[in-house]
Amino acid sequence: MGDAIPSWLDENFVVAALEGGLDKQTKVSIINLKFDASSTVEGFSSDIYKVRVDYRVGDSTQEQSKALVVKVPDASGLINVLLGPISCQKEFRHHKELLPKMMKKVNFAFAPQTFYSTVEKVVVMEDLKIDYHIIARNVQLDFEHCKLVLATLAKYHASSVALYKENKELIEFVGKEVFFPEGGPLRQWVELGTRTLGESLQKQGYKEYADVFLSRADNIWDLLVESMKPQPGHLNVLNHGDLWLFNLFFKYNEAKEPVEVKFIDYQASRYTLPVMDLVYLIYGSAQPDVREHRQIELYNHYLEVFNGTLEQLGCTERLTMKQFKEYMKLAIPWFIGVISFALSHMWSIDTKDEQSFDGLTTAEDFHSGRANPTLLALLRGEVLNARLPVIMRQYFEVIES
């Protein structure tokens, strides 16, 4: 979209956002207003505009200030090219309709405050960078950060269980699978990854782990698609879908301890088993020693908060550790897909293994295999293949413990 401020992003837009709509009785008077040129977050899905506003409400002489983020879908961004416009529609409804209801249910804020938007698909929210911080990619999440995230995630998941009983249509819309639907454009990527990584494990002498990949290589996409759907007879929740470092904002106390976390970016939300979010977080963003020594402790903490919140909400559903491990078995196709698609990219960033997706501008580039040389270079990266046997062992040790 470029650096230019969109014509609609003006004082009227900001006034409507602060008033909560165009027909509200409470009137806002702008004193000072500043717009910052856009920056493209991670270059994948949206242009971000910062707004700083000083204003008064009604007849009050007291001056108030807000720092806002205006998130505008970038149709040319890779994620939107691959997923289509529904991903932005999902996030818009998530912010506009669902998140306020979820947070009210549990009386807990796990997302930034959302403001009214006069433009469809454009999200307006508080600028978390005023009081919150993102963990550096080369640091990753230690145990205390992971524990805080999982406790917050447990409340997010539990609130979705309660709201599903009240508004099934809304949960199912925002939980519609966009990354791994039937006929999805990532099929070639996941199939290529499954075979390539299986062969790598085989060459490294890890036959047991190689078989996990290669035994599923011929039908991995169908297995993955099925595993991402709501699972009958099991406890399904609304997953955030993309819970990793850059979507987590932490607040700290004076002792520099993390005391609060908020989640952003809800385009990938899905309605399925809760382990999908936990696996993605722990294997994508946790420090290696956390995965090695404290996974079960973290999962138990999640279950304690999750079940406790369900009880507070009057829900009869509960999830045991035995069931959780069973869900991890059911999620093996998802784990393969996460490694092939997400972790292969995450772990390559800022290393010699990182690949450019410039020139890959349509979903057909991935359907047709035109992207395969780039994907193969990514999948054969040294960092990914060095970590692969370790994370396979860590995953299956949890299941078998």
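Is C88 buried or exposed? C88 is buried, because its relative accessibility is 6%; buried means under 20% relative accessible area, exposed over 50% and partly exposed in between, with a 1.4 Å probe and protein chains only. The model is predicted, so local features need pLDDT of at least 70 and side-chain atom pairs count only at pLDDT 80 or more, while totals for chains, interfaces and linings use all residues. Residues are numbered from 1 along each chain as its sequence is written, and side-chain values use heavy atoms, with hydrogens and water left out.

**Cysteines**
- C315 is also buried, at a relative accessible area of 5%.
- The structure holds 0 disulfides, a disulfide being a pair of cysteine sulfur atoms within 2.5 Å.

**Helix 9 and helix 13**
- Helices are DSSP runs (H or I, at least four residues), numbered from the N terminus.
- The axes of helix 9 (residues 275–285) and helix 13 (residues 332–346) come within 11 Å and cross at roughly 40 degrees; axes are lines fitted to C-alpha atoms over the stretch in contact, and angles run from 0 to 180 degrees between N-to-C directions.
- M276, V279, Y280, Y283 and G284 of helix 9 make the contact with W334, F335, V338, A342, L343 and M346 of helix 13, where contact means heavy atoms within 4.5 Å.

**N372**
- N372 lies in helix 15 (residues 372–379).
- N372 is buried, with 15% relative accessibility.
- Apart from neighbours within four places in sequence, N372 is in contact with Q188 and L192.

Conventions
Helices (H or I, at least four residues) and strands (E, at least two) are DSSP runs, numbered from the N terminus.
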